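I opened the model to look up a few surface and loop positions. My entries follow.

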Amino acid sequence: MSTDDLLKIAETFDKNTGWFLDFLGYFVAIGLVATFLVHFYRYATGQSDWLGRSTNDTSQLTQIQLDSLRKEKEEIERKMIQLESEIQDLVTLLKEKEADLEEKTQEVIEMVHEIETIKSLYEELDEKYDDETYAMSQVMYTADEVASAIANEENFRQNRADIYINLLDYLINTIKGFREKNPRVVIHIKHPKKDDVLVHYAHSSGHSHRVKDYEPPIDNSAAGRAWRTNEVYYVPDVEDPQYEYDRKAHSNKYYRTILCVPLKAGADPSTRIGVLSITGKPVDAYEKIEIERVMLFARLLYPLIYMDTKIREVSTYG
């Protein structure tokens, strides 16, 4: 088909359909006017915005969003409450654990204290055991030497001073901390010619030669008090005037404590033959156990001194 043919068809269609196109034009114009009036009315009454969007749809959308946000808020609040509850539970649990830990810590501290106490007691007992064992060895040496001296009278008479120094040094060895306490022992017996004083009989090492010259009075001296009463007399401080002690003028004392033990057999005063005195450098130098040891040594030495002064009637001067 040629171009001329197409033009002819178009002219024919235009002639036959002109009224339809006019009608269609009017119809479209009327529709546009009507649409504009509807749009203007809806905009004026607030049912739509200037772009023609329905405000009801926007409100509905906004409500949906608000509901969603409200639900999210409620969910967040619920989770916050749940979280706070869990935190509170954790805090409570933590406090319980802290209390348990504190209790366990206290138990551990008490256990450590008990262990330290037991350890201290063990060490104290061990020390006491060693001390008692050593003291017992000195007692055994003393008993053996006393027995040997009684059995061998001739040797005793020849070595009398040395034997007594050894015996009294055994006693000193039983004193706790004897190096610091610097104990010295002297034995006095009743004077053969004077009734108001005692006389030197024997002494331990550490004394000067002047120890033999001192004659403690029966009255107003610690040794004299033990002799008179036939009882142990302990003076924790010779500077204390309440105690009976011979406070000689210009005396250079090296001690502050003195313990005097009567040499006797039992409680019968007639068996009394002398007084054993031991001094100590510090104030209140001797404990109960040490006083008891001095009393034990006084009893151990009694047979030898009795034999020497009574049965054999040897000289009472040292």
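**Acidic patch**

I looked for clustered charge and found a negative patch on the surface, made up of Glu-96, Glu-98, Asp-100, Glu-102, Glu-103, Glu-107, Glu-110 and Glu-114. A patch takes residues with over 30% relative accessible area and no salt bridge, and joins like charges within 9 Å. A salt bridge would be a side-chain nitrogen of Lys or Arg within 4 Å of a carboxyl oxygen of Asp or Glu.

I noted the ground rules. The model is predicted: local features need pLDDT of at least 70, side-chain atom pairs count only at pLDDT 80 or more, and totals for chains, interfaces and linings use all residues. Residues are numbered from 1 along each chain as its sequence is written, and side-chain values use heavy atoms, without hydrogens and water.

I then placed Glu-114 in helix H2, residues 55-151. Helices are DSSP runs (H or I) of at least four residues, strands (E) of at least two. Glu-114 is partly exposed at 48% relative accessible area. Buried means under 20%, exposed over 50%, partly exposed in between (1.4 Å probe, protein chains only).

**Two loop residues**

I moved to Pro-282, in the loop between strand S5 (274-280) and helix H7 (288-311). Pro-282 is partly exposed, at 33%. Beyond four places in sequence, Pro-282 contacts (heavy atoms within 4.5 Å) Glu-180, Lys-181, Arg-256 and Thr-257. Its C-alpha is 5.6 Å from that of Arg-256, 26 residues away along the chain.

Is Asp-237 buried or exposed? I find Asp-237 buried, at 16%. Asp-237 sits in the loop between strands S3 (233-235) and S4 (257-263). Outside four places in sequence, Asp-237 touches Tyr-243, Arg-256 and Val-283.

How values were computed. Patches are made of residues with over 30% relative accessible area and no salt bridge: like charges are joined within 9 Å, nonpolar side chains (Val, Leu, Ile, Met, Phe, Trp, Tyr) within 5 Å. Accessible areas come from the Shrake-Rupley method with a 1.4 Å probe; for residues, only the protein chains shown count as cover. Lys and Arg count as positive and Asp and Glu as negative; His and the chain ends are not counted. The place of a charge is taken as NZ of Lys, CZ of Arg, CG of Asp or CD of Glu.
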